[in-house]
Structure formats: C-alpha cells, structure tokens
Amino acid sequence: MASVISIIFGATVGSFLNVCIFRLPKEESIIWPGSHCPLCRKPIKFYDNIPLVSYLLLRGRCRYCHSPISIQYPLIEGITALGSLILFMKFGPSLSYLFYFSFVAGLIVITVIDLYHQIIPDVISLPGIGAGLLASLIIPQITFLNSLFGILLGGGSLFLVATLYQWLFKREGMGGGDVKLLAMIGAFLGWKAVILTILLSSLIGSITGIIIMVSKGKDFKYAIPFGPFLSLGAVIALFYQNEIIFWYLRYRG
Ligand SMILES: [Zn+2]
C-alpha cells in the first residue's frame, strides 16, 4: 500500500517537474497560470491533468484540438514515479527518502533542460547546494563535514578543470552550470561520491560521444551537454557508491 502511495506521489511530482522543465528556461512562473494546451491555448482541466492516467485516457491528444501531447509528459511522470518507488524501498517512510527524492527530482529537471537548452538553471543547483548542506544536519546517511567537503571538492575540481581548459584552449569547455551541479551533488552525497561521479560521468560521456560520432559522422555539430552524464553518475553513486568503493579497494592491483 505504501509503495502504491510512493508511486502516486512520484507521478504527481513528475507532473510538476514537467512544468518546471518547460517554464524555468523561459523564466516564467512555475505556479501561475495553470497548464494549457500549447496549440489551442485552452486551459487543461484538473481531470485531464492526472499524471500518466490522463495521457492514456486522452490517447496522447488534446481534448479540444486533438493535437498530440508530447510523450515527454508521461515519460517524466513515469521516471519520477519509478525513482520515488525505488528510493522508498531503499529508505522507507523517512526524511532520508524525501531528501534523496528531491535530489533525484532536481537531477531529472536539470537533465532534460540541459538536453534541450544546454544550460543548467541556477535556480535549482544553487538552492540545492544549500539544501543538501542543511539536510546533512538531520539525515543519518551523511555528516555535515562530508557534505561540506563534497561541495568544495565538487565545485573546486570542476572549476579547476574549466579554468585550465579555458587557459589552454582559449575557449570555454565546460560551463559554470556543471561546476554548480557537481557542488550540489557533493552537498547531497559527500566527497567520495563526487570522485565517483566524475569518473562515471566521464566514462559514460566518452562512450556516448564516440557512439554519436561514429553514427552521425565527425562533422556532427551539436555540443553534447555534460549535465545529464553528471546526473546519471550521481544516481549510480547514490545507490552503489559503497559497493563500487568496496570492490575497488578489494580488487585493485
Ligand atoms: Zn489543444
């Protein structure tokens, strides 16, 4: 029963994340006005705004003008619901569950916005850094010092790389958004997870880059944003950092 509630809660939050994804890059209010069809501008009634369910009932089309509704809506709702369920099964009904769920929700918004616009909004990463640090005072999974070191290491290391890159190649390689995102990841997960996140995201990012270059050709111009890889690396670190570090310490050399 509690698992079902965590799924419904997750899908509802996912529905709100969709609003954030569309409105934050345009610097619009995420509270007002209510949702409306982007084509015919008709306001969406509450019964047509039920996460996942409404999309299926309306068969993916607007009730009034029948234009297709983006698959992104149910996709984000589904992913957020799944994330909520998995975190609930790991942490149970606790503050830790809410803490890590809000972290993952933030990563979902950042990932999609970065994919569309190649920006990571400060309105998520900067409050995220503060929230992670404050929550470390109450959450048993992370100490205040670990969170603080995570921020310094996350922000510091990428800042160093970005500065070095700019100095060497005379152009910006990594955005300041990535620096703030990794600082936020450090605030929530601690300094060890920052190292793991850098390693995992570089690895997955390189493999993805090679695959895209091979399939699209070398003159492919779209700059692949790094935020989604940092987010993915952070989620893997959230669930498996102890296992990976244990495995590394045991089998190295
Ligand atoms: Zn419409």
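Student: What spacing do the donors of the zinc ion follow along the chain?

Tutor: This is a predicted model, and the protein donors of its zinc ion are Cys37, Cys40, Cys62 and Cys65, each through its SG atom. Read along the chain, the donors of the zinc ion follow the spacing C-x2-C-x21-C-x2-C.

Student: Which parts of the chain does the pair Cys40 and Cys62 link?

Tutor: The two residues are 22 residues apart, and the pair links distant parts of the chain. Cys40 belongs to the loop between α1 (2-23) and α2 (53-57). Cys62 belongs to the loop between α2 and α3 (72-91).

Student: What is the geometry of the zinc site?

Tutor: The SG atoms of Cys37, Cys40, Cys62 and Cys65 lie 2.3 Å from the zinc ion. For four tetrahedral donors the ideal angle is 109.5 degrees. Among the 4 donor atoms here the angles are 105 to 115°, and the site is tetrahedral.

Student: Is Cys62 buried or exposed?

Tutor: A residue counts as buried under 20% relative accessible area. Cys40, with 29%, is partly exposed. Cys62 has a relative accessibility of 9%, and therefore it counts as buried.

Student: How many salt bridges does the structure hold?

Tutor: Side chains of opposite charge can pair when their charged atoms come close. Another is Lys180 and Asp122, at 2.9 Å, N to O. The number of salt bridges in the structure is 2.

Student: How many residues apart in sequence are the parts tied together by Asp48 and Arg63?

Tutor: Asp48 lies in the loop between α1 and α2, and Arg63 in the loop between α2 and α3, so the parts that the pair ties together are separated in sequence by 15 residues.

Student: Which helices hold Lys180 and Asp122?

Tutor: The side chains of Lys180 and Asp122 also meet in a salt bridge. The pair ties together parts that are 58 residues apart in sequence. Lys180 lies in helix α7 (residues 176-189), and Asp122 lies in helix α5.

Student: What is the relative accessible area of Asp48?

Tutor: Asp48, by contrast, is buried. The relative accessible area of Asp48 is 10%.

Student: What distance separates the C-alpha atoms of Ser136 and Ser147?

Tutor: Ser136 lies in the loop between α5 (122-135) and α6, and counts as buried at 4% relative accessibility. Leaving aside residues up to four places away in sequence, Ser136 touches Ile142, Thr143, Phe144 and Ser147. Ser136 and Ser147 are 11 residues apart along the chain, and their C-alpha atoms are separated by 6.6 Å.

Key: Residues are numbered from 1 along each chain as its sequence is written. This is a predicted model: local features need pLDDT of at least 70, side-chain atom pairs count only at pLDDT 80 or more; totals for chains, interfaces and linings use all residues. Side-chain values use heavy atoms; hydrogens and water are left out. Donors are N, O and S atoms within 2.8 Å of the metal (3.2 Å for Na, K and Ca); water is not among the atoms, so sites may look incomplete. Four donors count as tetrahedral if all angles lie between 85 and 135 degrees; four count as square planar and six as octahedral if opposite donors are over 155 degrees apart and all others between 65 and 115; anything else is irregular. Helices (H or I, at least four residues) and strands (E, at least two) are DSSP runs, numbered from the N terminus. Buried means under 20% relative accessible area, exposed over 50%, partly exposed in between (1.4 Å probe, protein chains only). Contact means heavy atoms within 4.5 Å. A salt bridge is a side-chain nitrogen of Lys or Arg within 4 Å of a carboxyl oxygen of Asp or Glu.
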